[in-house]
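This report covers a pocket and a sheet in one structure. The sequence and model are shown below.

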Amino acid sequence: MTDKPNSPEARDIAYHLHPYTNAKKHLEAGPVIIDRGEGVHVYDNNGKQYIEAMAGLWSVGVGFNEKRLVKAATEQMEKLPYYHTFTHKSHGPVIELSEKLIGMAPVPMSKAFFTNSGSEAIDTALKLIWYRSNALGKPEKKKIIVRNRAYHGVTIAGACLTSLPANHKSFDLIVPNVLRMTAPHHWREAMPGESEEEFATRLARELEDTILAEGPETIAAFFGEPVQGAGGVIVPPATYWEKVQAVLNKYDILLVADEVICGFGRTGTMFGSTTYDIKPDIMVMSKQLSSSYLPASALMINDRVFEPIMEESDRIGTLGHGYTASGHPVVAAVALENLKIIEERDLVGNAARMGERLRNGLAELADHPLVGEVRGVGLIAAVELVTDKTNKTALEAPGALGALVNAHLQEAGLISRAMVDAMAFCPPLIISEGEVDDLLARFKSGLDKALAEVPRETLSA
């Protein structure tokens with residue numbers, strides 16, 4: 001904590017409640033204040049450079065100083081700084097963005113609906129699913145299936161669908177009938193000797209058994225990230241999505257693909273649904289939609305979802321849902337320009353190429369005493385930290401090893417994220433070969449410094 005009473009750090013401590021932060025610890029530790037960005041780097045207010053290996057929050061695809069996005073925002077701000085999309089109103093940017101997204105969709109979609117964050121988009125998806133069930137005369141069809149270690153946001157509904165303890169403890173969550181399946185993490189959840197395909201078959205059987213036990217007529221939808229992000233960058237085992245979709249189709253259950261992290265190139269294709277041949281009824285998008293230069297999120301729905309909703313809104317007289325900033329013209333203009341940049345510069349292809357380089361470099365650390373597993377796809381990866389490789393365990397307190405390594409990485413000028421005891425990597429899509437190599441060198445340095453502080457008696461091969 002700074003001893004200067006009027007410093008930015010002291011004022012932050014005095015006035016700012018931070019998300020995902022230990023509020024009491026913050027009174028002593030204070031903030032790292034990021035002052036500016038350039039490409040894949042950010043700089044704090046003391047001039048220290050960091051590789052932003054998390055692209056902010058999995059989201060800044062085009063880097064931290066893309067002038068074209070600034071220009072797009074400025075020009076739209078001067079022309080039409082705000083208008084809404086309620087009661088048959090519209091404007092050029094939101095029409096163009098809607099058309100663009102529907103055209104990009106990996107499967108036929110009907111309509112786009114705009115929100116302001118991934119959490120709001122998830123809430124909207126849930127509300128529309130319930131609205132649709134009522135429209136179909138199936139009011140009992142409301143239950144939702146998610147997976148353990150899923151992350152679907154922090155609003156009340158989003159947090160209920162999320163399956164991470166910190167998002168539930170001390171919060172009263174009110175969405176009923178959320179069914180949680182095993183996380184599709186082969187390294188952690190598979191039985192001894194169980195292949196990826198066998199593991200996937202077991203999880204599909206668990207899904208079907210749960211559906212039958214609950215009653216297929218009561219289950220509305222399955223929400224799933226193509227690759228689970230905040231739960232640990234969990235890459236699904238071979239044949240998993242094929243087998244899961246077969247079960248959902250068998251029992252007429254909607255599939256919601258949460259593409260908030262995976263969308264727009266992160267998995268080495270435009271969408272995670274493309275990477276895994278997922279055919280969703282609803283797609284939820286945010287983050288790299290605008291590279292987070294402005295808050296942006298959306299969902300796309302197919303005709304199977306849209307048509308009952310359309311009829312119900314006609315019966316009632318309106319679709320009673322929306323946000324003040326739904327389809328905000330400045331946000332839409334920035335998102336459109338962002339998508340143009342991703343396509344023009346082949347950032348999806350770059351993500352695939354640089355992601356392979358990143359994962360190969362991380363795999364070379366597999367023999368390091370603190371590395372249990374390296375996993376990833378495209379330009380998203382994680383390193384599971386352990387002290388006991390055989391038992392796949394870390395220090396006694398969950399998250400302690402992750403916090404130790406994370407502190408050394410930050411000292412080395414590398415911003416990662418400790419997800420309990422897994423370190424995540426999700427750099428901007430623009431990252432170059434040299435920057436990947438620099439990231440890897442900084443990670444190795446931080447890992448070695450953390451190893452020097454780990455009690456030797458806790459280490460086991």
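## Second largest pocket

In this predicted model, 30 residues line the second largest pocket. Those that lie nearest its centre are Thr 85, His 88, Phe 113, Leu 319 and His 321. The volume of the second largest pocket is about 980 Å³.

Two or more lining residues come from each of the elements α5 (92-104), β4 (111-115), β10 (297-301) and α12 (303-316). The most is given by α12, which supplies five residues to the lining of the second largest pocket. Sorted by class, this lining has 14 polar, 13 nonpolar and three charged residues.

An open sheet is formed by four strands, ordered β11-β12-β15-β14, with antiparallel pairing. The edges are held by β11 (371-377) and β14 (417-419); each has a single partner strand, so one side of each is left without a neighbour in the sheet. On average, neighbouring strands of this sheet are turned by 25° against each other, direction ignored.

## Pairing of β11 and β12

Strand β12 spans residues 380-385 and runs antiparallel to β11, to which six bridges join it. Within this pair, Gly 376 is found opposite Ala 381 in β12.

## Helix on the sheet

Helix α16, residues 433-451, packs on the sheet. The strands touched by α16 are β11, β12 and β15 (422-425). Between the direction of α16 and that of β15 the angle is about 165°.

Notes. Residues are numbered from 1 along each chain as its sequence is written. This is a predicted model: local features need pLDDT of at least 70, side-chain atom pairs count only at pLDDT 80 or more; totals for chains, interfaces and linings use all residues. Side-chain values use heavy atoms; hydrogens and water are left out. Two strands pair if DSSP finds at least two bridges between them. Axes are lines fitted to C-alpha atoms, for helices over the stretch in contact, and angles run from 0 to 180 degrees between N-to-C directions. Contact means heavy atoms within 4.5 Å. On a 1 Å grid over the protein atoms alone, a cavity is a set of points where a 1.4 Å probe fits but cannot get out, and a pocket is an open set with protein on both sides within 12 Å along at least five of seven lines; lining residues have an atom within 4 Å of a point. Grid points are joined across faces, edges and corners, and a volume is the space filled by probe spheres set on the points. Ala, Val, Leu, Ile, Met, Phe, Trp, Tyr, Cys and Pro count as nonpolar, Asp, Glu, Lys and Arg as charged, and the others, Gly among them, as polar.
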